[in-house]
Amino acid sequence: MTTQFDVTRGRVTADAAPATVRMLDAAGRLLVDAPPLDDRQALDGLRAMLLGRRFDERCVNLQRRGLMVTLAPGIGQEACTVGSVMALDTAHDWFVPQYREAAGQLLHGLPLKQAFLWHMGSPYGFFIAPGTRMLPFQAAVAGQIPHAVGLAWGLALQRKPGVVVVHFGEGGTSEGDFHEAANLAGVMKAPVIFFCQNNYWAISTAAPLQTAAPSFAHKALAYGFPGVQVDGNDLFAVYQVTREAVERARNGLGPTLIEAITYRLGMHTTADDGSKCEPAGMRDEWRPRDPLIRLQRYLQGRGVWDEALGAQMDKEIAAELDAAWRDAQAEPPPRLEDSLTWVFAEPIPRLVEQIRRHGEDR
């Protein structure tokens with residue numbers, strides 16, 4: 001069985017053959033009559049993915065030098081977050097990340113300086129500026145999913161036009177947070193999109209050990225909303241599927257579960273080595289499917305990208321990263337008050353007393 005996405009009927013159907021939505025093959029050849037993004041938009045998407053990758057690479061380097069805390073890079077999975085964010089309206093829609101979504105966070109409005117700060121362990125890095133519709137990244141697996149559903153339900157109750165996209169890995173679907181949130185979202189028709197990045201491994205646990213269902217997209221059947229499986233390394237397909245899910249949610253038809261098939265080309269985190277669990281050669285098999293290479297090949301065929309333009313992008317991004325890193329290093333050390341002020345809308349008496357006593361002790 002496999003899940004098909006029927007936008008018109010807004011329901012999951014099943015047949016005997018797998019069907020993964022794909023618009024670009026690994027060689028960058030277009031598989032549909034017309035792309036969902038024009039050349040300018042595709043170049044913007046490529047740059048956003050490249051920024052996310054170079055940021056992750058820089059952070060891994062800094063962490064190895066003892067200048068950052070443990071982090072989870074999203075190398076190889078950038079099309080998932082960038083494609084989904086490109087389908088959002090930043091004036092109304094919310095992006096809720098797990099911990100591997102830096103490329104999407106940066107595109108949705110997180111300043112580079114703050115992205116560096118949260119990898120440095122500073123509470124300032126978790127501050128989301130007013131007007132930026134995004135939650136901070138979440139280290140607890142699936143802990144952000146109930147928050148995203150509550151946020152989406154709240155928008156619906158207030159009759160606001162916003163839609164919420166929440167990202168998580170396939171391992172997150174084994175958590176109660178996922179099931180409880182998906183059940184509530186289905187009942188309430190909350191305008192939320194569950195975006196599951198299936199990179200085959202939850203640290204060392206292979207996907208077949210996470211579920212006996214034919215796909216993670218099938219889990220939507222239990223909650224009464226559509227599920228769809230998409231090539232997560234295909235920016236065009238991710239964008240198109242997310243855009244349709246956004247339209248469905250905005251029209252009051254409720255949630256969608258998107259399962260994006262991708263692969264982690266970098267480490268799981270800087271604190272472990274996920275490659276020890278992978279079959280020999282599996283990562284090498286996935287490298288030619290790199291989402292950046294795929295889109296570069298497409299745009300090169302269109303005559304709008306070449307190695308010179310790629311080098312220029314890299315040079316500009318390196319300068320942006322250098323400047324943001326300098327600014328992050330110049331940030332004053334955080335105060336205790338900064339860690340406690342943003343816990344509640346109005347500080348509770350116990351926190352007020354702790355801050356007062358801390359001031360007396362200094």
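View 1. I203 has a relative accessible area of 44%, so I203 counts as partly exposed; buried means under 20%, exposed over 50%, and partly exposed in between, with a 1.4 Å probe and protein chains only. Look for I203 in the loop between strand 6 and strand 7 (205-206); helices (H or I, at least four residues) and strands (E, at least two) are DSSP runs, numbered from the N terminus. Its phi is near 60°, a positive value in a residue other than glycine. A word on what you're looking at: this is a predicted model, where local features need pLDDT of at least 70 and side-chain atom pairs count only at pLDDT 80 or more, while totals for chains, interfaces and linings use all residues. Residues are numbered from 1 along each chain as its sequence is written, and side-chain values use heavy atoms, with hydrogens and water left out.

**View 2. Y200, with a positive phi in another loop.** Y200 sits in the loop between strand 5 (192-198) and strand 6 (201-202). Here phi is near 80°, again positive in a residue other than glycine. With 27% relative accessibility, Y200 is partly exposed.

View 3. Five strands line up in the order 3-4-5-9-8, with parallel pairing, to form an open sheet; two strands pair if DSSP finds at least two bridges between them. At the edges are strand 3 (94-96) and strand 8 (227-231), each pairing on one side only. From one strand to the next the twist averages 20°, taken between N-to-C directions of axes fitted to C-alpha atoms, on a scale from 0 to 180 degrees. Zoom in on strand 3 and strand 4 (residues 164-169), and you'll find them paired in the parallel sense over 3 bridges. F95 stands opposite V165 in strand 4.

**View 4. C80 and C196, two cysteines without a disulfide.** A disulfide here is a pair of cysteine sulfur atoms within 2.5 Å, and by this rule the count is 0. For C80, the nearest cysteine sulfur is that of C196, 9.4 Å away. C80 is buried, at 0% relative accessible area, and C196 is buried too, at 1%.

**View 5. A nonpolar surface patch.** L184, V187 and M188 make a nonpolar patch of about 250 Å². Patch residues have over 30% relative accessible area and no salt bridge, with like charges joined within 9 Å and nonpolar side chains (Val, Leu, Ile, Met, Phe, Trp, Tyr) within 5 Å; a salt bridge puts a side-chain nitrogen of Lys or Arg within 4 Å of a carboxyl oxygen of Asp or Glu. Areas come from the Shrake-Rupley method with a 1.4 Å probe; for residues, only the protein chains shown count as cover. V187 belongs to helix 6 (residues 176-188) and is exposed, with a relative accessible area of 59%.
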